[in-house]
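Dear colleague,

I am handing over the structure we spoke about, and I would be grateful if you could look through it before reading my notes. The notes come after the structure itself.

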Amino acid sequence: MSARLGVTALALLFVTGLWLVAAPFVVGYQPRGAEFTAATVNDLWVGGALAGGSFLGLAGYAAAALRELTARGRQSAES
Amino acid sequence: MTRKFAGAVLAALAALAGLWLMIAPFALGTQPEGASWNSATVTEFVTGLGVTLTGLAGAVAFAAAIRADLAARGLVRVRERRREPEPAPAAPQPSSGELAALLAPLVEALREDLSASGREPRSNGSAPLGVGAEDGR
């Protein structure tokens, strides 16, 4: 139950990271065609890191769960 | 176990990133001092707050999952909450009848004493105040 809550938090963080990358252009504080402002650069870096990190975490979690399932299946097949 | 630990670390790092997002507009100088918050500041602050809370919740959830895992393997002893001892029932109060029975000998002795002192003169050695004072003059 707790682990599921943690995975949900990671998924939310992934979506928030994507939002941060898009926010300067969606909200409009980055003028089109102009050089990136400091706020935009910050949002792109933090949002990218957040989305990338949480994606890696989710993928790793899923991979470990699959590995565990495979090991259990192998054990039950042997016994 | 390892995946939960990695999840907890990631969530904690995300919470730190959220804190940075909240202070970034002021640290980077994109928010002028004294002016009302611009759209970039509002966006970063609100998003940072959400990221911080979500990261904290995730870290706590993963930590709880790790603890449950350890407890299931017997590596951590789960303390049972101590139940507070129930207060002992108060001693039964004597009823008015019992109280009357207890006090009856005392009342009887007082009554006898009063009736005896009413019949006999006082024999405690002290003379009446008025007589002694007159004799001394």
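Below is what was found, beginning with the contact between the chains and ending with the record annotations.

Please keep in mind throughout that this is a predicted model. Chain A and chain B meet in a contact to which chain A brings 27 residues and chain B brings 24 residues. Between them the two chains bury about 2000 Å², and 78% of that area falls on carbon and sulfur atoms. On the side of chain A, the residues that lose the most area to chain B are L13(A), N42(A) and Y61(A), which together account for 23% of what that side buries.

As for polar features, the rule finds 4 residue pairs in polar contact across the interface of chain A and chain B, with both residues of each pair at pLDDT 80 or more. Two helices of chain A, helix 1 (2-28) and helix 2 (38-78), each supply at least two residues of the side that touches chain B, and helix 1 of chain A gives the most to that side, with 14 residues. Sorted by class, the side of chain A that touches chain B has 19 nonpolar, 6 polar and 2 charged residues.

Salt bridges were also searched for, and the whole structure holds 4 of them over all chains, while the interface of chain A and chain B has 1. In the salt bridge between R3(B) and E68(A), the closest N and O atoms are 3.2 Å apart. R3(B) lies in helix 1 (residues 2-28) of chain B and E68(A) lies in helix 2 of chain A, so this pair joins two chains.

Turning to the aromatic side chains, the count comes to 5 aromatic pairs over all chains. In one of these pairs, the rings of Y61(A) and F62(B) have their centres 6.1 Å apart and their planes at 55°, so the pair is described as tilted. Because Y61(A) belongs to helix 2 of chain A and F62(B) to helix 2 (residues 39-72) of chain B, this pair also joins two chains.

Lastly, there are annotations from the UniProt record, where the entries are unreviewed. For chain A, UniProt lists residues 44-66 as "transmembrane region" in an unreviewed entry; in the model this span is 100% helix and 0% strand, and its end C-alpha atoms lie 32 Å apart. For chain B, an unreviewed UniProt entry gives residues 45-66 under "transmembrane region", and over these residues the chain is 100% helix and 0% strand, with the end C-alpha atoms 31 Å apart.

With best regards

How values were computed
Residues numbered from 1 in each chain as written. Chains lettered and ligands numbered in written order. Predicted model: local features only at pLDDT ≥ 70, side-chain atom pairs only at ≥ 80, totals over all residues. Heavy atoms only, no water. Contact = heavy atoms within 4.5 Å. Buried area = accessible area lost by both parts, 1.4 Å probe. Salt bridge = Lys/Arg side-chain N within 4 Å of Asp/Glu carboxyl O. Polar contact = N/O pair within 3.5 Å; in protein donor to acceptor, adjacent residues only side chain to side chain. Helix = DSSP H or I, 4+ residues; strand = E, 2+ residues; numbered from the N terminus. Nonpolar A, V, L, I, M, F, W, Y, C, P; charged D, E, K, R; others polar. UniProt positions renumbered as here; feature names shortened; annotations may be inferred. Phe/Tyr/Trp six-rings, centres within 6.5 Å; stacked < 30°, edge-to-face > 60°.
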